Amino acid sequence: MKLVITSFRRELLILGLILLFGMLFLPVVIGMIEEKEREASDTRLEKAHEQALVTFRGGIERFATLMSGIRSYMVSSPEFPTQSELRHYVAYQLRDINYAENLTISFIDTSHVFRYSFDRRSIDPGRLIGTSVKSIRDQDEIDRLNDVLNDEQLHLFKPINLVEGYVGLPINFSIIRDGQVCGYIAAIIDFSTLVAPLYEVYEGKEEFVYHFSVEGLLDFDRSQVYDGSRVYHNEVDSAFYQHYNLAKSSFKYSTLDLYNLEFMIGSAAVGEIFSGATKDALSSLLYVWYFLLITFFAFSVYRLIRFRQLNIRLNESNQTIRVQTEQLESQNAKLKKVVHTKDKLFSIIGHDLKGPLTSLITIVSLAESNKISVDETRSFIHDAGAAAKHNLDLLDNLLRWSMQNSGADQIRKTSFKLFELASSTKDQLQVVASTKNLHIVNEVDEKLMLHADYQMISTVLRNLISNAIKFSFPGRSITIGAREEGGKAVVSVSDSGVGMNEEELNALFQAGTDVVRRGTNDEPGTGLGLVVVNDFIQRHKGELKVYSEEGKGSTFEVWLPNGWYIPEELLQTEF
């Protein structure tokens, strides 16, 4: 108990130090937050300003590209286009670029008299045809238009308040055919359409405000030009910069020189980063949050000290239960395996051993009583031999399998020639194979050395070849092969017998599955051989792969990792 109280006081002292630290440094933290927010705001403003420049320039360039196409049409047409032809061409171009906003096109001759004038909806919307530009433009602009007549470049003019009710941005260019000046085109686009993408970015959030002017003297926005001229509508651009009462120093300005006209574009963030009230509120919020955090932490530490010992005892108990559970599960799994092994052994002993032994007893009894002929005796002796061989194989597999399951059969790896083992196994089984006129072919390289448990691999090879004999059609061949693939030793036994379907393949290695097939000469089987084979290969950390097609035969491949042993004299050769 004394130890808990001492620890509790120590934790309280730490909490007091943390509280003192917070009170001293929270103002510093607030200042850092303000500085970071100011830097972030400057970065956002920089990006917004760059976007404004790109949007404005891009809109002008698209407008200019359209005008270049109109000039090419006017200059290259075989005959000078009529107003109707020009209007049809412009309409086609606008449909092609999916443009549906305001656009007025006028053709003016060298005397500055309007000859054509039309927009998307009507001809001569401003009643200008036949009138002189001199009646609506001052002398400075007339002088500039004279310069346009003698120049093939595009020329932007300052924006104007149009009778049609929108801010128009004019662009003029001369029409010269066969070296002769015919006049010039005056095209006027709705300024609001040029900058519409800029305002769509922020979706009405009014995070930034923009200041547009010509040569830094003439302000204009999306609703009007502030030059004292008449405005033909009552709409007001809510985003006009003067509505925000911002200092000029709040704006970031850049100049764009586009088609002989200088624009000045400014961008500013709406509102201050932190007002006085906002700063006070932020400070209060941080202090409240800090004290709440300290209180919660203090209570948590107190609870932690109080229940620390209990948690330790609970963890120890849980660990003990976990270990006992794992032991019980392991013992249960072993018990199930023992029970299954016992059931399988009794099943085999009670059925597979009893049947052949009963047949042997019957054959011997009949032979002793001289109740069968010589030919029948020979036949019975043949059957007795087959039954004895079946029992011998079965007893060998039972012994091997039971030793493996009991853990007595430990793996003992040595290096031996696989060719000699294959030849020895072939010789042992050749007599059985000859009853079906089968030919066993040993294609293993005589120099190959296998590093594995000799007895286990011998059992594996004998079972695989016995299976191949059992399920091969008379007169066919069985092939024993070996190769290296992917750093592994691969030993194969192939036959051209009955093969297997998918269901039979899936049941091959299941010791508890009662799927026992008889051979092509009705040879009996126990279903234990391949289970032993698979167990022995797995003890080598290897894998048994089976490739089979019903009616065409099977190939069993034994894959053993690091299986090849190569003597030093063969290290420089390939195999």
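**Close-up 1. Surroundings of S213.** S213 touches L218, D219, F220, E262, F263 and M264, leaving aside residues up to four places away in sequence; contact here means heavy atoms within 4.5 Å. The model is predicted: local features need pLDDT of at least 70 and side-chain atom pairs count only at pLDDT 80 or more, whereas totals for chains, interfaces and linings use all residues. Residues are numbered from 1 along each chain as its sequence is written, and side-chain values use heavy atoms, with hydrogens and water left out. S213 is found in strand β7 (residues 208–214). Helices (H or I, at least four residues) and strands (E, at least two) are DSSP runs, numbered from the N terminus. S213 is buried, with a relative accessible area of 2%; the term buried means under 20% relative accessible area, exposed means over 50%, and partly exposed lies in between (1.4 Å probe, protein chains only).

**Close-up 2. The open sheet of five strands.** The order of the 5 strands in this open sheet is β12-β14-β15-β17-β16, and their pairing is mixed. Two strands count as paired if DSSP finds at least two bridges between them. At the edges lie β12 (439–442) and β16 (543–549), each of which pairs on one side only. On average, neighbouring strands of the sheet are turned by 15 degrees against each other, direction ignored. Axes are lines fitted to C-alpha atoms, for helices over the stretch in contact, and angles run from 0 to 180 degrees between N-to-C directions.

**Close-up 3. Strands β15 and β17, with helix α7.** Strand β15 (residues 488–494) and strand β17 (residues 553–561) run antiparallel and are joined by 7 bridges. V490 stands opposite W559 in β17. Helix α7 (residues 418–434) packs on the sheet and touches β12, β14 (477–485) and β15. The direction of α7 makes about 180 degrees with that of β12.

**Close-up 4. Surroundings of I480.** I480 is found in strand β14 and is buried, with a relative accessible area of 0%. Not counting residues up to four places away in sequence, I480 touches A422, I440, V441, N442, E443, V444, L461, I465 and S492.

**Close-up 5. Helix α10.** Helix α10 (residues 529–539) is mostly covered, with 9 of its 11 residues buried. The buried residues are G529, L530, V531, V532, V533, N534, D535, F536 and I537. K541, which follows α10, has a positive phi near 60 degrees.
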